[in-house]
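I begin with the helix and then turn to the pairs.

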Amino acid sequence: MSESSTDLREVVRQRYAAAAVKVTDGGTACCGPQPIETDENFGSTLYAADDREALPAEAVAASLGCGNPTAVAELNEGERVLDLGSGGGIDVLLSARRVGPTGKAYGLDMTEEMLALALANTAKAGVTNVEFLKGDIEAIPLPAGTIDVVISNCVINLSTDKPAVFAETFRVLKPGGRIGVSDVVSDDDLTPGQRAERGSYVGCIAGALSFTEYREGLEAAGFTGVEITPTHEVADGMHSAIVRAVKPGR
């Protein structure tokens, strides 16, 4: 990994570690944890009120994503789900409820502070069919062919090696498995430099792929049926999008 990539990963890690600490410290205040400061394009407001109310306040407050992947992934009873960049655990806990006691939800995160927060949220929620893993989304610590659905919420754009993320996602999925992620995607006519002008890497903007780059990256990893559907604009020419694709073979 290049020095610049290593530096970017550390910036991302520090940002999310600080977010976890803020939520954890806020939980000791009289009024409970306050949501991480963001705008209307990111965060817990993108979830239905019923979803937010069913979870610990700290899980909701720590949400920094650009969508609700658990809603777009169409999870079923008994499925095994993996959330890339699981943060405070909001999507893992929602997934666990959807797949039920015969299913399982995994969360993968590289940040110790977020993992600690997610474990605390899991205990408060009383959910048992979950497991959190420490690691990188470019090297998923799970066996091949063991996951039915991979979800992620505005995290893949933060990776400095997106081909590795797509390849690893493909590897851990069972034949016929699928992805249903929310991510930031740019218009095809924006250069990397123009994307950087619209926001920082850690702010989920500068590192975003274009629609064509995202599609080609998934197809190069082996995915079929790629669908990328923009939902709302997060900056000029930059969109939160729902990304779906399938690993063939079932």
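**Helix α6**

I looked up helix α6 (residues 112–125), which has 14 residues and reaches 20 Å from its first C-alpha to its last, close to the 20 Å expected at 1.5 Å a residue; that expected span is 1.5 Å times one less than the number of residues. Helices (H or I, at least four residues) and strands (E, at least two) are taken as DSSP runs and numbered from the N terminus.

I note that this is a predicted model, in which local features need pLDDT of at least 70 and side-chain atom pairs count only at pLDDT 80 or more, while totals for chains, interfaces and linings use all residues. Residues are numbered from 1 along each chain as its sequence is written, and side-chain values use heavy atoms, with hydrogens and water left out.

Next I asked which residues of α6 are buried. They are M114, L115, L117, A118, N121, T122 and A125, where buried means under 20% relative accessible area, exposed over 50%, and partly exposed in between (1.4 Å probe, protein chains only). Seen down the axis of α6, these buried residues fall within an arc of 160°, so they line one face of the helix; the arc is that of the directions from the helix axis to the C-beta atoms. On the face of α6 turned away from the buried side I found the exposed residues L119, A123 and K124. After α6 comes G126, with a positive phi near 70°.

**Salt bridges**

I then searched the whole structure for salt bridges (a side-chain nitrogen of Lys or Arg within 4 Å of a carboxyl oxygen of Asp or Glu), and the search finds six.

One of them joins the side chains of K174 and D148, at 3.4 Å from N to O. K174 lies in strand β5 (residues 173–186) and D148 in strand β4 (residues 147–153), so this pair ties together parts that are 26 residues apart in sequence. K174 counts as partly exposed at 25% relative accessibility, whereas D148, at 10%, counts as buried.

I also looked up R195, which forms a salt bridge with E213, the closest N and O atoms being 3.0 Å apart. R195 is in helix α8 (residues 192–198) and E213 in helix α9 (residues 211–221), so the pair ties together parts 18 residues apart in sequence. At 4% relative accessibility R195 counts as buried, while E213 counts as partly exposed at 33%.
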